[in-house]
Each structure stands twice: as C-alpha cells, then as structure tokens.
Amino acid sequence: MLEAFQNIVKIPELKKRVLFSLSMLAVYRIGCHIPTPGIDGQALAHFFKQAQGTLLGLFDMFSGGALERLTVFALGIMPYISSSIIFQLLTVVVPAIEKLSKEGESGRKKIIQYTRYGTVVLSVVQALGISIGLESMRGPAGELVVPNPGWGFRLMTVITLTAGTAFIMWLGEQMSEKGIGNGISLIIFAGIVARIPTAIGNSFRLLSAGQLSLFVLLFVLALMFAVVAGIVFVERGQRRLPIHYAKRVVGLKTYGAQTSHLPLKVNMAGVIPPIFASSIIAFPATIGNFINIPWVQTAAKSLTPGAWLYNVFYVAFIVFFCYFYTAVTFNPVDVAENVKKHGGYIPGIRPGKETSDFLDRVLTKLTFAGAIYISVVCVLPSILIGKFNLPFYFGGTALLIAVGVGMDTVAQIESHLITRSYEGFMKGVKIKGRR
C-alpha cells in the first residue's frame, strides 16, 4: 500500500489529478464553515440537537454538518442527487426522456443539462422552505433563530443557499473531469468522513469519564472492521451468467464462437433504497418538531431511530425500494433482446422470452439477498447506539456510501498505476508483428 502511494507521486498526470481533487475538497470544506448571514448560530445548534432522526438530521449528514450551522453549503449536494434520481425515474415513465437516453452522448448531455436545471429549482424550493421554517424556530431561552425575519432574510437565504449548491455541483463536475474519482460522490464522502474526528474525540471522552468501557470499545472496533470487510465483499460480489455466441459471418470475415458473461451485482440498487426509506420514515418525526399535538408527538417518537417500530418499517421500505429501483434500472426483456440480436444465448436457456424469465428469476433472488444485506448494515447503528451507548452513528447509508466511494476511487487510481506500469514494463522491448 505504501509503495502504491509512492508510485502516485512518480506519475505526473495521476499526481496532478489527485492534488486537484484534494484541493477542490478543501474548498468545499472551507465553504462548509462560512455561515449564512442573519442567523443566531447557538440557537440553531440547540434546535438541531433535538432534530436527530428527522429529515433535517438526514440532510445534515449529506451536507457534512453544513446544514446544522446553516453555512453557504447548507443544502449540500442533496438537490442534485434528488434531481438525478427524478430524471432517472422519468426515463422509464416519459417516452421523450427515454428517447433522449438512447441517443448516445448527445442525449446524455441534454439529460445532464436538465438535471442541472432541476437542481436549481429544487434548491430554490428547499431554501425558501428552510428560510420560512427558521423564522419560527426558537432557542432554549426562547430567543429567535432569525433575529430579523421577513422577505429580506428569505430572499437572501434563497440566493445564498442556491448559489452554494450550484457551486458544489460545479466543483463535483470539475473533479470528475480533471481529478480522480466521481466528484459528486467524493463530496458526499468528504462530508461523511469529516465527522470521524469528532466521533473519536467523543469516544475517548466517554472512555475517560467511565461511561464507556474499554472492552465495549474494542468489541465495537472489531465489529466495525468486520462490517466494512463484509460490505467490501458483498459490493464486489457478482453472479456471472455465461453467454455463448455462435459463429458469425460479417462480409468476407468469419468470426468464431465466443464465450462471455453477464455480471449481475448482488446489490443492484446501491444506496438508493436506504436513502428513500430514511426520508419517508423521517417525515413524521420532522412534522412532530413543528406540530405540538400529543398523538403526533407520540407517533414521531415511535418512528425515531432505535425504536422497534422504526426498525420494522425501515427494513420493509428498504426491501420494497430494492426491488422497485432494480426493476427501474434493469429490464430483463431488453437485456434478453440485446443478447438475442447479437447472436448470444445462455446455455440451456432458449433465447427470447425464456431468457428474460430466467434473468428475472435470478435477479429476484439476488435482490432479496441484497435487500437483507442492506437492512442488516442500516439497522446495525440503532442497535449499537441503544445497547452500548455509543457516541457516534456507525453503519447505515453513510457507511455504504463511504465504503463504495472509497472502493471506486481506489479502483480508478489502481487502473492508472497498472496502465503506467504496463507501459514501463514494455519500454525498450520490440514486439515483432505477424507477416
């Protein structure tokens, strides 16, 4: 591993890309500490301590704590993610967008442009809602979070937060183009990882105060390594279906029979199911913070992380969205038709409808296994916090994103290293061509 990092410095292009990504992440983290004008920071921080387990807490996780401080990057990259998911779902529903998605690079660029417009619209709506909601919030002593409410504050907040999200979106695109890894994913990764030092400090404080035993801490650390190893193992897991291609005659050339495979991931839906499930379950808890009605407050408390009802609904929604999102992104009928058009077939399965039915059965079993795996990883934090009184939130969507982004980034760096090593290995060697 140390040698690999040393090789990164030796390759000028890769070194430039890595440094560019790190500098853009540094700019993002600096922006996460620039406050929006007109806010009482202490009163807002006290309110967010009571908002854990709500939509505000979920959005604050993706913004890297910027929403809790209401900085210029308070909305984070969530509007862009929401816009991307919306247009991905519209690809299946709206024929015009589906046609664009099949037009190659030009269609993809148009969809990206529409996604940007959708990001700005969602940012304006969310910023306006946040500004109006902030005006009704009060601190522990009854002080207003917004000392001077009104349309002046609302307009300033909307412009500031929308511009911040647009800037983050631009940062992500620049990182994807000139840096290493996926820029948007790295921004989310940076926001999640930024909380690790605070969690470590809180753990040591509890350990020194005697509220957390050394045995429990060591057990949790061992469990953390085991969970991360399990996530890496499952995320890299595939079911490879063999596909055989018969001999083909194209013009005057005859191509021999070939054997390939169709890789089907165990977790086809990625991190979308836990994000959707968390958003839906957190909605009642969010409403409970603004409505002072006894039965609403009771329902909100029963759906906070750690409650058994929360875990039941959480797992149910994760399983549902795993199947739903997999069905949206992977169409067995289209895949079977494409395989048939290229003269391929799965051994023992007839091309056409039987192939699509076979793919559907395999995908159903894989999706169930993936849903159980995501449920275990996402419910784990609630059990740990409730049983061991941990000062940090380990697992869930944040851990899936962090491990997934880390694996993708390392894979891209490794591809650069392998390419350079391959060229260096062949340097000075003359390979004679066939006459």
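Two strands are taken to pair if DSSP finds at least two bridges between them, and helices (H or I, at least four residues) and strands (E, at least two) are themselves DSSP runs, numbered from the N terminus. The structure described here is a predicted model, in which local features need pLDDT of at least 70 and side-chain atom pairs count only at pLDDT 80 or more, whereas totals for chains, interfaces and linings use all residues. Residues are numbered from 1 along each chain as its sequence is written, and side-chain values use heavy atoms, with hydrogens and water left out.

The protein contains 18 helices and five strands. Confidence is expressed as pLDDT, the predictor's confidence in each residue on a scale from 0 to 100; its mean over the protein is 77, and 77% of the residues reach 70 or more. Helix α4 (residues 55–62) has the lowest confidence, with a mean of 58, while α9 has the highest, at 89. Over residues 422–435 the pLDDT is below 50, and this stretch has one contact in the model beyond near neighbours in sequence, a contact being defined by heavy atoms within 4.5 Å.

Of the 435 residues in the protein, 41% are buried, where buried means under 20% relative accessible area, exposed means over 50%, and partly exposed lies in between (1.4 Å probe, protein chains only). The protein exposes about 24,400 Å², of which carbon and sulfur atoms supply 66%; accessible areas come from the Shrake-Rupley method with a 1.4 Å probe, and for residues only the protein chains shown count as cover. Among contacts with a separation of 6 or more, 70% are accounted for by residues 24 or more positions apart.

Three strands form an open sheet in the order β4-β1-β5, with antiparallel pairing. Because β4 and β5 (344–345) stand at the edges, each with a single partner strand, one side of each is left without a neighbour in the sheet.

A nonpolar core is a set of buried Ala, Val, Leu, Ile, Met, Phe, Trp, Tyr and Cys residues joined through side-chain atoms within 4.5 Å. The largest such core holds 36 residues, of which I231 and Y314 touch the most other members. At least two residues of this core are supplied by each of α12 (214–235), β1 (238–245), β4 (258–265), α13 (272–288), α15 (308–329), α16 (332–341), α17 (353–388) and α18 (396–426), and α17 gives the most, with 12 residues. Leaving aside neighbours within four places in sequence, Y314 is in contact with P274, A277, S278, I281, C378, V379 and T397. A second, separate core of 27 residues includes C32, M78, I272 and I401.

Two loop residues illustrate packing between segments separated in sequence. F330, in the loop between α15 and α16, is buried, with a relative accessible area of 11%. Its C-alpha atom is separated by 9.8 Å from that of L264, 66 residues apart along the chain, and, with neighbours within four places in sequence left aside, F330 is in contact with L264, M268, V335 and L363. G179, in the loop between α9 (151–178) and α10 (183–193), counts as buried at 4% relative accessibility. The C-alpha atoms of G179 and L19, 160 residues apart along the chain, are separated by 7.8 Å. Beyond its neighbours within four places in sequence, G179 is in contact with R17, F20, S21 and Q174.

A search of the whole structure finds zero disulfides, a disulfide being a pair of cysteine sulfur atoms within 2.5 Å. The sulfur of C322 is 8.9 Å from the closest cysteine sulfur, in C378, and is therefore too far for a bond. C322 is buried, with a relative accessible area of 3%, and C32 is likewise buried, at 0%.
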